[in-house]
Amino acid sequence: MNCPFAMTTQPFVLDLVRRPRRNRRSAGIRAMVRETRLSPEDLIQPLFVTATSAQPEPIDSLPGQFRLPEAALLRECEELLELGVRAVALFPQIDPEHKDESGTYATVRENWFHSLIGRLKQALPELVVIVDVALDPYTSHGHDGLVDENFGDVANDATVEVLTDMAVQQAAQGADFVAPSDMMDGRVSAIRLALDDAGFTRTGILAYSAKYASCLYGPFRDAVGSLQAAGHAHLDKRGYQLDPANAREAMTEARLDEDEGADVLMVKPAGMYLDILRDIRLRTD
């Protein structure tokens with residue numbers, strides 16, 4: 001007698017056209033379709049440089065990091081290239097003797113930092129060199145621009161005029177990207193026009209587009225000497241850096257920088273503002 005409930009030997013198969021797991025079947029396939037990758041080539045190493053010492057100087061607020069004289073800088077960059085890190089961002093520590101309220105040394109021909117850029121690019125032409133464009137290493141008060149005594153705040157347009165001069169000098173020395181970190185209005189447009197007028201159409205602009213006011217900058221300010229320039233006074237930069245409560249304002253800043261010719265947009269500090277980073281990534285090209 002035949003049993004109506006006899007087990008079939010055919011496996012159960014869903015009628016599916018799309019099976020996303022096919023792209024996860026093996027390590028080779030997973031690697032081939034991986035959307036997000038992180039490698040040494042994605043990294044940029046910040047480096048602090050000095051002309052006041054022949055030996056690397058420890059930075060107290062950044063344990064394990066140093067202000068590097070030229071010879072040590074060259075060795076460090078050679079090692080980074082060997083490790084696959086192809087880009088560095090340079091920040092100078094300026095001798096207090098060269099500082100004044102107007103940051104005059106930022107644009108003089110004798111500026112050792114700008115000439116250092118040229119020698120570094122000559123020695124390591126394959127290295128991507130990103131250079132900070134800001135006045136805080138050069139001013140005696142430690143602000144990122146020229147202070148308007150009448151209003152007690154940083155003067156926007158006068159600061160932008162100095163920054164454009166700085167950027168052109170850095171491009172002339174071979175900087176691959178100039179990176180305005182000051183948050184002045186209109187500085188990206190002014191720098192782009194100045195670079196193009198001077199023939200540096202290939203020099204990129206990495207804009208600090210959404211730079212929020214943050215206590216996390218303290219170690220960097222210590223490293224470049226702007227913290228010491230202020231003495232015991234609190235460096236209040238909220239007149240030009242973004243209010244941490246504002247997200248839509250960051251979108252405005254990013255769109256302006258993109259429209260003005262920035263090649264790369266930065267969010268700083270990124271770790272605290274991943275939502276802003278994501279929004280800018282989605283809303284800009």
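User: In which sense do strand 5 and strand 8 pair?

Analyst: In this predicted model, strand 5 (residues 128-133) and strand 8 (residues 177-180) pair in the parallel sense, over four bridges. Within this pairing, Asp132 stands opposite Ala179 of strand 8.

User: What is the order of the strands in the open sheet?

Analyst: The order is 2-3-1-4-5-8-9-10, making eight strands with mixed pairing. Strand 2 (57-58) and strand 10 (264-268) are the edge strands, each pairing on one side only.

User: Which strands does helix 2 touch where it packs on the sheet?

Analyst: Helix 2 (residues 70-83) touches strand 1 (44-50), strand 3 (66-68) and strand 4 (87-93), and its direction makes about 170° with that of strand 1. Helix 8 (residues 248-260) also packs on the sheet, touching strand 9 (204-211) and strand 10.

User: How many salt bridges does a search of the whole structure find?

Analyst: Side chains of opposite charge can pair when their charged atoms come close. The search finds ten salt bridges. One of them joins Arg119 to Glu70, with the closest N and O atoms 2.8 Å apart. This pair links helix 3 (residues 112-123) to helix 2, across 49 residues.

User: Is Arg187 buried or exposed, and what of Asp257?

Analyst: Arg187 is buried, and Asp257 is buried as well. Their side chains meet in a salt bridge (3.5 Å, N to O). Arg187 lies in helix 5 (residues 187-197) and Asp257 in helix 8, so the pair ties together parts 70 residues apart in sequence. Arg187 also forms a salt bridge with Asp182 (3.4 Å, N to O).

Conventions
Residues are numbered from 1 along each chain as its sequence is written. This is a predicted model: local features need pLDDT of at least 70, side-chain atom pairs count only at pLDDT 80 or more; totals for chains, interfaces and linings use all residues. Side-chain values use heavy atoms; hydrogens and water are left out. Two strands pair if DSSP finds at least two bridges between them. Helices (H or I, at least four residues) and strands (E, at least two) are DSSP runs, numbered from the N terminus. Contact means heavy atoms within 4.5 Å. Axes are lines fitted to C-alpha atoms, for helices over the stretch in contact, and angles run from 0 to 180 degrees between N-to-C directions. A salt bridge is a side-chain nitrogen of Lys or Arg within 4 Å of a carboxyl oxygen of Asp or Glu. Buried means under 20% relative accessible area, exposed over 50%, partly exposed in between (1.4 Å probe, protein chains only).
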